[in-house]
Amino acid sequence: MDSPMFSKYSWLDFLFSVVGVCTFLFDVGSDIWVATEFYSRGDFFWFGVLIGLMVLSSVVVQMFSWFWFKYDRELEGFDEQTAKNVLFGGCVKLSFLLHVLQLGFFCRHISAIWQGFRVWWRQEQGSGYAVYLTHDLSMLRLIETFCESAPQLTLMTHIMLHTNKARTVQCVSVVASTTSIAWMVVDYHRSLRSFLPDKAKQGWGSALVYFLWNLLLIAPRVAAVALFATIQPSYLAAHFLLIWPVLVFWVWRQETDFMDSAGGEWLYRATVGLIWYFSWFNVAEGGTRRRSIIYHSFMATDGGILLVTWWFYRDPVLTQSYAPILLATLPLTYLMGVLFKTLYYYCFHPTLWMPSVREAGLEEELPDGQEMVFRSIALQTGTPRFRNKRMASHATHFYSEEEARKPSKINRREANAVV
């Protein structure tokens with residue numbers, strides 16, 4: 001039976017699924033158009049870079065999708081729920097073929113829409129599984145955005161700055177990438193909020209501030225990287241290869257446990273390192289504020305170095321119309337992003353105090369050493385059959401306190417309700 005608190009599938013969930021697939025198709029269509037334009041004009045270098053980003057992003061997303069498909073087959077009741085689904089039927093070989101053909105992500109979109117239609121319009125059972133699919137799509141969109149949309153936005157911005165002109169196809173690509181990033185931010189925020197007990201009380205003000213601080217932090221980062229690339233593109237590759245391993249090492253040091261296999265976990269850590277190159281999100285329990293301060297201080301320093309280096313080696317004549325404006329605006333925009341993030345955490349972020357097993361009175365119900373597991377899935381107690389532990393894990397890291405240090409945040413009665 002689906003939980004009425006956490007698994008209810010609404011018309012808004014269905015709308016988000018439909019808009020999500022439309023955004024995905026728009027993004028893919030714009031990519032193909034841009035690639036075709038580059039090839040027809042003889043810009044084979046940019047054509048190769050763009051195709052490389054598209055292929056890399058697609059392969060990474062399909063790998064995550066396939067890993068999750070294999071993990072989910074071990075869930076109780078999986079075959080029963082997926083018997084009539086477009087992608088997640090009983091044919092493993094067909095699903096594998098779809099992922100090899102780079103169609104797994106798209107089929108997940110279709111599956112989520114079909115399952116949601118059955119639940120919402122036909123009033124059939126399976127609401128929990130429909131929500132489960134939308135959460136996986138939100139995570140995959142996050143990965144796809146930072147593997148393709150953010151690098152592609154950087155590439156298009158660099159080309160326009162390098163050539164000092166913008167063609168229609170480039171503008172369309174910028175709009176598509178920006179739309180993809182914006183949709184990812186809103187959809188991911190909504191998925192995180194769905195794990196809160198008071199999700200019905202969430203307002204658009206929280207989503208707006210969350211969107212603004214992400215936009216104001218990502219935009220100057222993309223601009224700084226694009227400007228630095230106008231000096232010499234090969235330097236940008238060296239910069240990324242210098243920063244990315246450090247970020248991956250930091251992820252490893254946080255002892256993440258997101259995937260169900262060692263190979264999948266290292267794929268996840270490598271992907272998080274790529275995401276952190278553009279934006280921050282928490283992947284481990286505890287120490288959120290300290291890690292966030294370290295990250296933003298490091299990225300502000302790195303962005304400043306990129307911007308100053310571009311300023312001294314730029315073409316003064318070609319860039320005289322916009323260089324002083326960018327030099328002043330980009331650091332200010334990043335600072336505003338940090339301020340909006342601080343505003344979000346102080347005014348809109350619903351911090352949860354997750355009680356320990358002993359405080360919750362459940363110490364006799366769990367085996368020794370299982371308190372951390374209990375705490376990590378406590379937000380998902382309402383969905384006993386289909387717990388999307390991947391999104392639940394991120395929600396726990398994003399919302400809950402690492403210790404019960406601030407019981408005033410939520411009283412004992414509310415804490416028991418959460419548990």
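These legends go with several close-up views of a predicted model. Local features here need pLDDT of at least 70, side-chain atom pairs count only at pLDDT 80 or more, and totals for chains, interfaces and linings use all residues. Residues are numbered from 1 along each chain as its sequence is written, and side-chain values use heavy atoms, leaving out hydrogens and water.

**View 1. Tyr-39 and Phe-44 form an edge-to-face pair.** The structure holds 27 aromatic pairs (rings of Phe, Tyr and Trp, the last by its six-membered ring, with centres within 6.5 Å; planes under 30 degrees apart are stacked, over 60 edge-to-face, the rest tilted). Here the ring centres lie 5.5 Å apart and the planes meet at 70°, so the pair is edge-to-face.

**View 2. Phe-240 and Trp-244 form a stacked pair.** Their centres are 6.0 Å apart with planes at 15°, so they count as stacked. Both belong to helix 9 (residues 233–253), and because they are four residues apart, about one helical turn separates them. Helices are DSSP runs (H or I, at least four residues), numbered from the N terminus.

**View 3. Ring pairs join four residues into a cluster.** Look for Phe-64, Trp-68, Phe-258 and Tyr-268.

**View 4. Arg-221 meets Tyr-277.** The charged end of Arg-221 sits over the ring of Tyr-277, 4.6 Å from the ring centre (NZ of Lys or CZ of Arg within 6 Å of the centre and within 35 degrees of the ring normal). In another such contact, the charged end of Arg-269 sits over the ring of Trp-266 at 4.9 Å from its centre.

Key: Helices (H or I, at least four residues) and strands (E, at least two) are DSSP runs, numbered from the N terminus.
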